[in-house]
Amino acid sequence: MTISTIPLPSAAAVPDYGERGLYRLAHGMREWLHDDSAGWPLAGVGAGERALVVLLVIDGLGDNFLARHGGGGALLAHRAGRLSSVFPSTTASAVTTLMTGLAPAQHGLNGWFIHDRRFGGVIAPLPLQRRGNGPLEAPALLPRLFPYRSAFAGACRPVVVVSPAEIAGSGFSRRHSHGARVRPYRSLSGLEEAIVAEAGALRDSGGLIHAYYSSLDALSHQFGCQSEEALSCFAHIDAVFTRLAARLEGTGAQLVLTADHGFIDVPDERCLQLAAWPDVAAMLEAPLFGERRAAFCAVRQGAAAEFNAWVASELGGRAVLVEGPALRHSGLLGPGRPHRRLAERVGTHVLLMEAGWTLADRVAGEKPVSMRGVHGGLSADEMWVPLVRFSAGLRRAAQAAP
């Protein structure tokens, strides 16, 4: 899929929705789950009817981060290439793609915050909260907010979702894990034990173990993606991968590791607050939505010229302005039939932040959130994620060869 010409930040890494993209992996995985004669979307992995695949998704692990810090480790040693994230390069968009096989244009979750008037305006779909107004409640909330099927519903192969206990029972998780058996865990060692146990249980039947780990993302937000805390967490993840490769021997499992997005660190002086320009709030119908690195704006009718002038005078070299319809038709959000509320969720204008800059606002009742590490933009560090593969079966064959 070709991305049409629109203004982009400098050195932008546009999403690949073809063979080198996370979307292709997710879309192909959905096909594999629903057709026992189909091959796994990655060549040479999980091609048989009883193939067993462990897909381990490490939230926030960028490919450039792995290259910088993975020397001497198992992850870098087994790196098979890199994949492009989706746009925006954020958990809400990419994890939803990985659990549905749909592009962001189709599932409509184009950021941590989305705009949906049915539920009061700007909401966070993963924790199911309104901005500043507490829990999101509405009749038939989940099927209305997420009007699509998970990749696991109706699958002809067994599926187990291994999920952090604190989110395994959330509305988002229940909806997007439908059709799978869910196994919660409470620590990185618990994740390892769950994968090993489930691989043993699926050894004869084959199927998919879809495992997700979120702590690297949380630590990178809080302390920065180059912090000691993030690097220590990464070292533990690398060690778990090493142990999994050894412990999965004999199961025939194919271990595939990737991520939803990468990270960049942003210094405080480049964290722009919309409150610094009080007049701008009057130009907007709603608070910002999307991401700090990709801010979606609902500009009031008649205020577009004034808003454009503000961007040109105050955000030059910090952000690139794209009109909402142009972005929707650009291909940045991927292929497929667009979500019926996509126009509302993209807004009238989009601010694509240059590398190293963010833009945020704050609504009444909302606690201030400071983030050292961020994502959601189009820099290479945010967009490229690793593809790591280990095959126990191939390893055994290699050892047996003369």
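Q: What do buried, exposed and partly exposed mean here?
A: Buried means under 20% relative accessible area and exposed means over 50%. What lies in between, with a 1.4 Å probe and protein chains only, is called partly exposed.

Q: Does Arg-68 count as buried, partly exposed or exposed, and what is its relative accessibility?
A: This is a predicted model, where local features need pLDDT of at least 70, side-chain atom pairs count only at pLDDT 80 or more, and totals for chains, interfaces and linings use all residues. Residues are numbered from 1 along each chain as its sequence is written, and side-chain values use heavy atoms, leaving out hydrogens and water. Arg-68 counts as partly exposed because its relative accessibility is 46%.

Q: How many salt bridges does the count come to?
A: A salt bridge is a side-chain nitrogen of Lys or Arg within 4 Å of a carboxyl oxygen of Asp or Glu. By this rule, the count is 17.

Q: Which residue meets Arg-68 in a salt bridge?
A: The two side chains meet at 3.0 Å, N to O. Arg-68 lies in helix α2 and its partner in helix α15, so the pair ties together parts 313 residues apart in sequence. Helices (H or I, at least four residues) and strands (E, at least two) are DSSP runs, numbered from the N terminus. The partner is Asp-381.

Q: Is Glu-198, the salt-bridge partner of Arg-181, buried or exposed?
A: The Arg-181 and Glu-198 side chains meet at 2.6 Å, N to O. Arg-181 is in strand β8 and Glu-198 in helix α9, 17 residues apart. At 4% relative accessibility, Glu-198 counts as buried.
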